[in-house]
Each structure stands twice: as structure tokens, then as C-alpha cells.
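This briefing is for a reader who is new to the structure shown below. It opens with one term and then goes through the model topic by topic.

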Amino acid sequence: MQTKKVKNTLKQIFWHAVIIATVIVFLYPFLYMVLTSLKPFADIVASGANIFPKRITFDNYIHTADAVPLLRVIANSFMVATLTMTVKMITSVLGAYALTFLPNKYSNKVFYFFIITMFVPFSVIMLPNYLTLAKLSLLDTIVGVSLPQFADASAIFRLRQSMRLVPKSLIEAARLDKVPHMTCLTKIVMPLIKSSIASQCIFMFVNCWNEYVWPMLILRNQEMMTITLAMKKFSGSEGSTGWGTSMALATISVALPLVLYLIAQKQIISSFMSSGIKE
Amino acid sequence: MAEKELRKQAQKEERAAAKKEKKIVTKAMRKRRDGLLFALLLSPAIIFFVVFVIYPVLYNVYLSFHEWNMVSPNKKFVGIKNYENLFKDGEFIQSVGTTFKYIGICLITIFVFPYFLSYAMVHLIDKGQETYRSVLFFPSLISLSVGAIVFQFLFRGIGGPINAMLAWFGVEKISWLNDGPTAILVIAFVATWKTFGYNMLIFLGAILEVPTELIEAAKLENASKWKIFWRIVLPLTSSTAFYAFVITFTYGLGQVFTPTNILTSGGPTNSTSNLVYTIYEAAFFTFQSGRAAATALVTLAIVMVVVVLYQALEKKVHYAN
């Protein structure tokens, strides 16, 4: 009995160690980025594997603010992400409501159509979309970055998952009282799934904030640069000044997703944990 | 609150009055109205999908049969020449190979590994699961471009932290990004950093769904944890696993772009160039829209083969259970 207990404790310790090692590996790049951004220029090149700064300085941030129109860059990213999130949420909520509460013989077909769009890689459609936006003269505009992202099958899919948990009888009762569908949506369904909507909003915002490829193709004008594009400008340039600046910019860009994650962590995690489970 | 109640009451009375007016809506009429609303509510999403997903795919088909430099007003019809050139081109064949190498690495690092780790988090440790999972998911919310830039720094040949650590074990300096195979590895690591947490949550969700009674019963019969994984957890989570596999494959194809662009631009001597990156180069560097479109359609075909296989396999598993 005693040996079995010891064996069990040892096993527990072993698996905790495996998981903690994984956690360290995954946090290391993040910590390295933050701590490097606080190192003086000379330290950055010389420090090797040593993650901790000998002296903390904000020189890199000051230099970044000189080298990049920082507020403008952040504002651009913010506008793109807000616009995309807002419209995407509207199209997704409407679509998910129709699929959940107005089912008819076409619902399944429409649903499969949406799922298929999920499997078309972005790079397959980037050239035609670029040409479409050029035709609409939307290159170098915020709307141009957002427009192709206004519909999102995975968002519809996840919202539908939450809406299905709303009792159908609730909507049916309201409908018998002649409450219009739009009122059912805004007054019954949305309040009931508001935490799921909030976490989806955060996820949409963060995804768009993080976007690199599409803004790179659409935004060529320096004035329109988003934060991910600004970062790239300084990466790879040898010498500590470039490294310091790109680490500072990277840290700034991670700050917002980090704060949002700390606020809505539980919601985001539970919404993704259920996303792979089939009905 | 009271005001709301009152308003509701008033609304109800109004409706009752309307009912008395005998505005009887027949079932058929309601059905038609619901159908109209269904179409109306779905149309914004459908319109965006048609314009920015379906039309581009079809336009690619058109472009792939033409020669066009994206500036000239005329597109020259060339039949299947773009495809012929593609398959005769050694660089293209190499890029397909690189794509599969990269996907192969990713399947180990972001499919197999998080699968086992999720099992360990649920069944091999007693507590701490929630803390671990929220920390491990965090990198999934960080931009791929941040990942690429930080990994570029970590994997520097001279003075890079990874090389410095390897030096403790007597490993000689590696020029990670100047050598094809190691550069592919670093690109895959960036994608792993981004997707690991996301896949882990999907697996965790599925493993937690496995009925505990089954596992308890197996434990009573002294089945090893290893056996429980293979005989109970794996079969019962296989449909989620298939889903995660397809997602890893398709998203992996997309996620390779940013790190390739930032870390190597496809070099050295094209050794890290992959399907997705060749589309970009053909479209935006050499302005061969036909070649870009043909490559895009080959990529799409590969994804569709995987999706179809997935559906077939899933059905089989579904019936087998």
C-alpha cells in the first residue's frame, strides 16, 4: 500500500514536470521579448541565453516613438480591428440566428456552404481579392483591409453552438405572443448568450489586430501602416537598435491582446474547448 | 424593471386586441414569411462569402488559363500551359515537398503532442489543469508576425539565445535561418507556438467529454493509463481528432506564410519556399497571374482531397462506433 502511494506521487511529480517544462518552453519567447525590450542597446547583442536585463531601461520605447508614428500606427490597427469585429459580429449573429431558430429545408445546405468556405485557405484567394479591391479603389484604406473579412464561417459556427443552448420553447412562446424575430434576437437570445458574444468579439478583434499578410498587401502607404507592419520594418536589421525597437513594438502589440485575455480568459477558453465537439 | 413589466403588459394587451381583429395568419403564410426572413438574415454573410471566397476561386480558374501581367488590358488565353509549366518546374515540385515537410513537422508538434499533453492534464495529474491550460493558450492570441520576429531573434546564428543554450551542451553554432532544413524547422516552430494552445483546448474539451464512469470502470479492472488512452479515450475522441487534423492541415498551410515572409522570404535558394509562398511571389513579385492562380488551385485541390478523405473516414468511424 505504502509503496503504491509513493509510486503514485512520483508519477504525479513526473507529469507535472513534463507539463511545466512545456509551459516554460512556450512562455520563454514571450518573456524574452518583453525583457529584451527593457534591455539597454549594448546588452541586447551580448546577453546570449541570459533572459534577465542587467539594467532596466525604456530607451527602446523612446526610440520606437521617435522612429515610428506610434499613435498613428496603433490607431490604424485599432480602426481596422474595430470595424472588422463590428460588421463580422453583425453578419454572424444574424446568420446564426436564422440557422438556429428559422430552420427550413435549406438550412443544412447553407450551413455546409459556410463550412466549405472555412476550408479555402486565404492564400488561394488573395490575388483575386486584391484585384477586386483595386477595382473598387480601396487599396490603402482601412475599409479595404476589413472588407473581405466581413463574413466568418467559424464565428457563425461557434455562435450557433451557443444559440442552440437557448431553449427553443422560449422563442416559440414569444412568437405565439407575436414578438417579432428581431426582438427575440435582441431581447431574448443575445442577453442569454452575451458572454459568448463578448468572447467572440474579443477573439475577432485580436485576430484582426494580429493580421499581417492582408494588410501588407493592401496598405502600401506609410501613413496607413498597422502595428504588425511597423514591426516588420525593424526586424532583421542587424545591430541592437533594430532589435530593441522591434522587441518594443512587439511588446506593445501584445499588450492589448494580453489585457483582453486576462479579462475574458474563462469565456474564451470555454468557447474554444467546446468548438471541436460535435453535437 | 417595473417599467419593463408594464411595457410588456401593454404590448401584450395590444397584441390581444390585434388578435380580436381576427387577423388570422395562416400557417402557410407564416412559413413563407419565416423563409423570407431566413434568406434576409443570411444574405449579408452569403453575399460576402460569394464575393470574397467563391468568386475568387472561380476567377482563379479563369486566370489560370490565361497569361496576364496584371497591368496590360489584355489577357491571353493559353489553355493549360500554366499548369504544364508548373509541373515541369523543379522549383515548384520542391516547394510542394517543402510544404509537406512543414506540415509533417506541424502534425507532430501541434497535433500529436497536444493530444498526449491534454490527456496528461486531465487524467495523469490531480490538479493544476486550469492554470496550465490558460497559460499554454496565451501564445495563441499573439500575432504570427510577433512570433516570427521573436523567433528570428531567438534563433540568430551569432549571439542567439538558442545557440548559446546549445553551447552549454557542446553543440556547435548552427546557422538556423541560413540553411534550408533548419529554417523549415524554425518556421514550423513559429506556427507551433501560435496553434499549440488552440488545438490543446479542442483536445481538452473532447477528453473531458469522455464519460468518467467508463474510465472509473477501467481503473477498477486495473487497466493501465496507457491502455485507457488507447482503448477508451482515443476511440471516443477520434471525431474531434479528425476535425483538429483537418484544421491543422488547412490552417497550417495559411500560417506558414507570415514566418516564411519575415524569416527567410523563401530562401536560402528557395529551400523554404512553399506552395503558399510561391503564390505570393508569382502574383506580387513576378506578376505572373496565371502561374499564381494555377498554384492556388493546386493548393486548393490538395486541401479538398484532405477534407474529402476526412469526411469519408469520419463516416466510417461514426458507423464503427
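A salt bridge is a side-chain nitrogen of Lys or Arg within 4 Å of a carboxyl oxygen of Asp or Glu. By that rule, the side chains of Lys88(A) and Asp152(A) meet in a salt bridge, at 3.5 Å from N to O. The model is a predicted one.

**Salt bridges**

- Over all chains, the structure holds six salt bridges.
- Side chains of opposite charge can pair when their charged atoms come close.
- Another salt bridge joins Glu223(A) to Arg72(A), whose closest N and O atoms are 3.0 Å apart.
- This pair also links distant parts of the chain, 151 residues apart: Glu223(A) sits in the loop between helix 12 and helix 13 of chain A, and Arg72(A) in helix 4 (residues 70–101) of chain A.
- Glu223(A) is partly exposed at 45% relative accessibility, and Arg72(A) is partly exposed with a relative accessible area of 34%.
- In chain B, the side chains of Arg291(B) and Asp89(B) form a salt bridge at 2.7 Å, N to O.
- Arg291(B) belongs to helix 14 (residues 289–320) of chain B and Asp89(B) to the loop between helix 3 (81–88) and helix 4 (90–124) of chain B, 202 residues apart.

**Interface of chain A and chain B**

- Chain A gives 94 residues to the contact, and chain B gives 98 residues.
- The two chains bury about 8700 Å² between them, and carbon and sulfur atoms give 78% of that area.
- Of the area that chain A buries against chain B, 9% comes from Phe26(A), Phe119(A) and Met273(A), more than from any other three residues.
- Helix 1 (residues 2–37) of chain A supplies 16 residues, the largest share of the side of chain A that touches chain B.
- That side of chain A consists of 64 nonpolar, 23 polar and seven charged residues.

**Domains of chain B**

- The domain assignment divides chain B into domain 1 (2–54) and domain 2 (89–320).
- The C-alpha centres of these two domains of chain B lie 45 Å apart.

**Helices of chain B**

- Helix 12 (residues 257–264) of chain B is largely enclosed by the rest of the structure, because eight of its eight residues are buried.
- The buried residues of helix 12 of chain B pack against elements of both chains, including helix 13 (227–234) of chain A and helix 8 (180–209) of chain B.
- Ser265(B) follows helix 12 of chain B and has a positive phi, near 50°.
- Helix 13 of chain B is mostly covered, with nine of its 10 residues buried; among them are Leu275(B), Tyr277(B) and Phe284(B).
- Ala217(B) lies in helix 9 (residues 212–220) of chain B and counts as partly exposed at 38% relative accessibility.

Technical notes: Residues numbered from 1 in each chain as written. Chains lettered and ligands numbered in written order. Predicted model: local features only at pLDDT ≥ 70, side-chain atom pairs only at ≥ 80, totals over all residues. Heavy atoms only, no water. Contact = heavy atoms within 4.5 Å. Buried area = accessible area lost by both parts, 1.4 Å probe. Helix = DSSP H or I, 4+ residues; strand = E, 2+ residues; numbered from the N terminus. Nonpolar A, V, L, I, M, F, W, Y, C, P; charged D, E, K, R; others polar. Domains from an automatic or database assignment. Buried < 20%, exposed > 50% of the residue type's maximum accessible area, 1.4 Å probe, protein only.
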